Amino acid sequence: MAAHITPQDAEEICKRYIAAVEAGDLSAIDTLFTQDAIVRTPVSGHKPARAFYAYVFKAISDRKMKLLDVLVGISAPSRVALHMAYTRTVIGSPPATIETIDIFELTDRFDQISAVNIVYDTAPVRTDFETPKAQIDG
């Protein structure tokens, strides 16, 4: 039988992720994610994790994440979902809050994230990225 991550360990990696994103700390992201990790989002598609977060840290400010729940996979022992309210300011737009679920795929040792699927309703955010109000080098 495959090992499962403990709820405490799942919550800890989620809190480290939240702290890194809120702080815009790319070095912390590098330690949380494997070197070849990918991020999948409805707006950005599939991107290498480092490139995705480097872009996010330039394009989005005032990032605050309120942890609503941490869900540990039963059928997929290395999968953890983070449910949160994410308040942020996209360059050129007013602050807004969206509800997201970030589904992490962890390594076999549960010590790093190998992929994340970020799930949210795109209707409120699509215009922020379809017609950029500011150019971001990325």
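Tutor: Gladly; what follows is a set of questions on a predicted model, each answered by setting a value against its cut-off.

Student: Why is the pair of Tyr17 and Phe104 called edge-to-face?

Tutor: Two rings pair if their centres lie within 6.5 Å, and planes over 60 degrees apart count as edge-to-face. Here the centres are 4.8 Å apart and the planes stand at 75 degrees, so the pair of Tyr17 and Phe104 is edge-to-face. The two residues come from distant parts of the chain, 87 residues apart: Tyr17 is in helix α1 (residues 7-23) and Phe104 in strand β5 (residues 96-106).

Student: What makes Tyr17 count as buried?

Tutor: Buried means under 20% relative accessible area. Tyr17 has 2%, so Tyr17 is buried.

Student: Phe52 interests me. Where does Phe52 lie relative to the largest pocket?

Tutor: Phe52 is one of the lining residues nearest the centre of the largest pocket, along with Ser44, Val56, Ile60 and Tyr120. The lining has 23 residues, and the space in the pocket is about 380 Å³. Helix α3 (49-59) gives the largest share of that lining, five residues.

Student: How do the lining residues divide into nonpolar, polar and charged?

Tutor: There are 17 nonpolar, three polar and three charged residues in the lining of the largest pocket.

Student: What is joined to the side chain of Thr100, and why is Thr100 called buried?

Tutor: A polar contact of 3.5 Å joins the side chains of Thr100 and Asp102. Thr100, in strand β5, has a relative accessible area of 2%; with the cut-off at under 20%, Thr100 is therefore buried.

Student: Which phi is given for Asp62, and is Asp62 buried or exposed?

Tutor: Most residues other than glycine have a negative phi. Asp62, in strand β3, has a positive phi of about 50 degrees although it is not a glycine. Exposed means over 50%, and Asp62 is at 56%, so Asp62 counts as exposed.

Student: What about Phe110: buried or exposed?

Tutor: Phe110 has a relative accessible area of 18%, which is under 20%, so Phe110 is buried. Phe110 is found in the loop between β5 and β6 (113-119), and its phi is also positive, near 60 degrees.

Note on methods:
Residues are numbered from 1 along each chain as its sequence is written. This is a predicted model: local features need pLDDT of at least 70, side-chain atom pairs count only at pLDDT 80 or more; totals for chains, interfaces and linings use all residues. Side-chain values use heavy atoms; hydrogens and water are left out. Rings of Phe, Tyr and Trp (its six-membered ring) pair if their centres lie within 6.5 Å; planes under 30 degrees apart count as stacked, over 60 as edge-to-face and the rest as tilted. Helices (H or I, at least four residues) and strands (E, at least two) are DSSP runs, numbered from the N terminus. Buried means under 20% relative accessible area, exposed over 50%, partly exposed in between (1.4 Å probe, protein chains only). On a 1 Å grid over the protein atoms alone, a cavity is a set of points where a 1.4 Å probe fits but cannot get out, and a pocket is an open set with protein on both sides within 12 Å along at least five of seven lines; lining residues have an atom within 4 Å of a point. Grid points are joined across faces, edges and corners, and a volume is the space filled by probe spheres set on the points. Ala, Val, Leu, Ile, Met, Phe, Trp, Tyr, Cys and Pro count as nonpolar, Asp, Glu, Lys and Arg as charged, and the others, Gly among them, as polar. A polar contact is a pair of N or O atoms within 3.5 Å; within protein, one must be able to donate a hydrogen and the other to accept it, and residues adjacent in sequence count only if both atoms are side-chain atoms.
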